[in-house]
Structure formats: structure tokens, C-alpha cells
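Biologist: I have a new model open and would like to learn how to read it, feature by feature. Could you walk me through it?

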Amino acid sequence: MTLGTARKAGIRLLSDKNAATGGEPAAFSVSGDFSVSPAVFVPTPTPPLDCDCILSRLLGVPRSYLFSHPETVLTEPQCAAFFDAVRLRRTGLPVAYITGHKEFWALDFLVTRAVLIPKPDTELLVERALETVARIVGANRPAPPAEGDESGDFAAPPCASVRIADVCTGSGCVAVSILHTLPYRADIRYEMYATDISPAALSVARENAKRLLKAPAAYTLDFFEGDLLEPLLSDAVSGKESFDLIVSNPPYVPADVTARLLADGRSEPELALNGDCDGTTDGTGLLRRLIGQARWALKRGGFFLIETGEYNAAAAASYLAKNGFTDIVTYTDLGGMPRVTLAKKL
């Protein structure tokens with residue numbers, strides 16, 4: 001079968017509920033064991049794109065190759081793997097879990113069902129984090145000598161540290177993207193601390209850091225297992241008022257909405273979505289707990305940057321104000337929805 005024929009057949013299978021799918025789906029990717037039923041059909045809004053992503057990953061070629069070389073003949077194993085993947089996609093399983101990969105911040109991240117699939121909207125969190133780090137670094141730079149001052153007293157300061165925590169790191173996409181993008185400066189050392197309550201998620205994050213970061217002298221990255229900021233609150237790790245910036249994309253979806261979202265077969269971990277705890281029903285339970293911890297862990301004048309999405313942006317801003325934060329700003333994503341909130345500790 002040629003590449004072009006396979007692609008057309010795959011698109012038809014993803015578009016037509018009654019299309020014949022053939023036998024049982026087999027394992028396709030590194031992303032784990034799939035206990036799904038081929039009899040289930042969940043419509044996808046993007047059949048052509050889904051097929052293209054699967055084929056590109058399977059063949060190790062860019063998407064443009066699929067259009068410029070439709071006459072390429074696929075091997076039997078390649079055909080089998082492609083149609084197995086299409087059958088899995090018919091059940092609602094996301095392409096990222098099928099292939100085990102997801103692009104984020106122009107980087108290729110490994111994903112499994114132990115982690116939330118990185119979303120394009122979360123790139124706003126990375127963007128604002130980089131801007132905030134630039135503010136922190138700029139505020140800490142010494143003033144240059146006055147014009148004509150030849151006293152020689154002005155000298156470059158010793159290497160300063162900027163301490164950043166990424167809470168609920170999941171795949172590590174936020175922490176890794178930030179460190180991958182920060183400009184190298186001989187006088188600045190970045191210290192990144194990433195936490196997650198899931199050992200399986202931390203395993204994925206460590207692997208992504210290993211693959212995507214070269215660990216130059218400009219930064220360090222350490223991972224900690226535990227609930228929210230708790231692993232970093234001890235004096236042995238950081239202590240009180242020790243962080244310049246805390247970033248987080250925590251679970252913030254209300255429990256009932258989480259249940260509805262997961263009903264479509266997406267198979268993302270409920271642990272990474274459901275923000276309710278301590279009796280809350282609006283998805284703010286973990287947000288409230290994290291804000292209290294951040295107030296304790298941040299330096300005076302430090303920044304807290306949190307993704308809350310459209311569900312709880314207003315509630316998060318209000319709770320930040322009640323907990324002594326100032327200069328609170330909520331930024332919207334490309335869809336015009338409130339996505340990320342920035343606040344400064346007094």
C-alpha cells in the first residue's frame with residue numbers, strides 16, 4: 001500500500017463511524033499498554049491532521065513529506081502499525097498518547113498516560129515566566145558607574161542565583177522549556193526545582209530533561225516527589241522566603257467537569273486535572289493550598305505565576321489578593337480566555 005492510499009484510508013476510518021477497522025489494535029508506541037475497545041467510536045474534529053501526525057512519527061519524516069511523496073510504498077509492518085494507531089484514535093485516545101510524543105515550545109516531549117498532554121495554551125505560562133525572570137535579573141543588576149567615574153570601585157558582582165520552582169511539573173514541559181530558552185549569562189546561575197506527586201510523572205520529566213537539556217554551567221534542575229510545594233519547604237532544601245519565582249500549572253478543573261472531560265476517552269490522568277480537595281467543588285482546593293505555600297516560600301518581592309484557565313482565574317486573583325499578593329494581572333490566551341495569573345509578594 002502506498003503512503004497516499006494509507007493516509008486516505010486512515011482519514012476515512014476516523015471520519016466514518018461505520019467504517020470497517022479490521023482486527024484488534026496492537027501496541028504501537030512507547031507510551032504504554034492500551035486497554036481500549038475498538039468497538040468504541042469517538043469523533044475527532046481533525047482526521048487529516050491526526051493521520052498526518054501518526055504517519056510522520058511512524059516514518060520519521062516531516063509532514064510535508066506525506067504530501068510530496070504519496071507514492072512511497074509502506075512495508076507491511078508500517079501499514080499494520082499505522083492502522084493499529086488509527087483504531088486507537090477512533091476510541092478517543094489522543095494522538096500524543098498513541099505516538100508517545102507531543103511538541104511544546106518547539107521541543108519534542110515524551111508523554112505517557114502518567115502525565116497531562118502539554119497544551120499550546122500553557123506556552124503562555126512559559127512566555128510570562130521568561131519575561132518575569134528577565135525582570136528579576138534586571139532588578140538585581142548593579143547600576144553602572146557614573147560617566148567620568150574612574151574610581152575603579154565598580155566591578156562585576158559574583159555569580160548570582162535565580163531560584164525557580166515548577167510545581168506540578170508533569171512531563172516537565174514548563175521547567176524544561178524555561179531552562180532551554182533562558183539566555184546564558186556568566187554572572188547568573190538559574191536553579192530550577194520541579195515537583196510532582198506522581199513518581200511516574202517525574203520519571204517522564206527526568207527523561208525529557210535528559211533528552212532536551214544539555215546541562216550547561218548556567219543552570220541546575222532537580223526533581224522532588226511530593227504534594228505541591230511541600231518537598232521544597234524544608235530548610236534542608238530551600239527554607240522560608242528562598243524563591244524568586246514559583247510557576248505552576250496545577251490541577252484546577254472542578255471535579256464534575258473533570259468527569260465529563262474524561263468521558264470522551266482522552267485517558268488523561270484525573271490526578272492532573274481535578275483541582276478539588278478539602279471539600280471544594282469549584283476546582284479551587286489545590287489552588288488555595290498552593291497559594292498559601294507560595295506566600296511562605298517566596299522571597300519578598302518574589303513572583304508567583306499560575307495557570308488557572310477559564311475555570312478559576314477570577315477566584316485565584318481574589319485569593320492571591322487576600323493572601324498578601326499585589327500587582328495581580330491575569331493574561332488571556334490566543335482564544336481570548338483568561339489563562340495565566342501573575343502576582344508579586346509584598
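**Reading the model together**

Modeller: Gladly! Let's begin with a network of salt bridges that links Asp-121, Glu-307, Glu-310, Asp-333 and Arg-339. Keep in mind as we go that this is a predicted model.

Biologist: Which strands do Glu-307 and Arg-339 lie in?

Modeller: Start with the contact itself: Glu-307 forms a salt bridge with Arg-339, and their closest N and O atoms are 3.4 Å apart. Glu-307 belongs to strand E7 (residues 298-307) and Arg-339 to strand E9 (residues 338-345), so this pair ties together parts that are 32 residues apart in sequence. Arg-339 also meets the side chain of Asp-333 in a salt bridge, at 2.9 Å from N to O.

Biologist: How many salt bridges does the structure hold?

Modeller: There are 19 salt bridges in the structure. One of them joins Asp-108 and Arg-211, with the closest N and O atoms 3.3 Å apart. Asp-108 sits in strand E2 (residues 107-110) and Arg-211 in helix H8 (residues 199-212), so the bridge ties together parts 103 residues apart in sequence. Asp-108 counts as partly exposed because its relative accessibility is 25%; Arg-211 is also partly exposed, at 30%.

Biologist: Let's turn to helices. What should I look at in H4?

Modeller: A general idea to start: an α-helix has 3.6 residues a turn, so residues three or four places apart point the same way. Helix H4 (residues 76-90) has 15 residues and reaches 21 Å from its first C-alpha to its last, close to the 21 Å expected at 1.5 Å a residue. Next, check the cover: H4 is mostly covered, with eleven of its 15 residues buried. Among the buried ones are Cys-79, Phe-82, Phe-83, Val-86 and Leu-88, along with charged residues including Asp-84 and Arg-87.

Biologist: Which helices do the buried residues of H4 pack against?

Modeller: They pack against helix H1 (3-15), helix H2 (47-59) and helix H5 (95-99). Look just after H4 as well, where Gly-92 takes a positive phi of about 100°.

Biologist: Last one: how do I find empty space inside?

Modeller: Rolling a probe the size of a water molecule over the atoms shows where empty space is left. In this model the count comes to one cavity of 30 Å³ or more, and the largest cavity has a volume of about 40 Å³.

Biologist: Which helix gives the most to the lining of the largest cavity?

Modeller: H11 does, with four residues. Helix H10 (285-297) and helix H11 (309-322) each supply at least two residues of that lining. Its residues include Leu-287, Arg-288, Ala-315 and Tyr-319, and they divide into five nonpolar, two polar and one charged.

Terms used
Residues numbered from 1 in each chain as written. Predicted model: local features only at pLDDT ≥ 70, side-chain atom pairs only at ≥ 80, totals over all residues. Heavy atoms only, no water. 1 Å grid on protein atoms, 1.4 Å probe; cavity = no way out; pocket = protein on both sides within 12 Å on 5 of 7 lines; lining within 4 Å. Points joined across faces, edges and corners; volume = space filled by probe spheres on them. Expected span 1.5 Å × (residues − 1). Buried < 20%, exposed > 50% of the residue type's maximum accessible area, 1.4 Å probe, protein only. Contact = heavy atoms within 4.5 Å. Salt bridge = Lys/Arg side-chain N within 4 Å of Asp/Glu carboxyl O.
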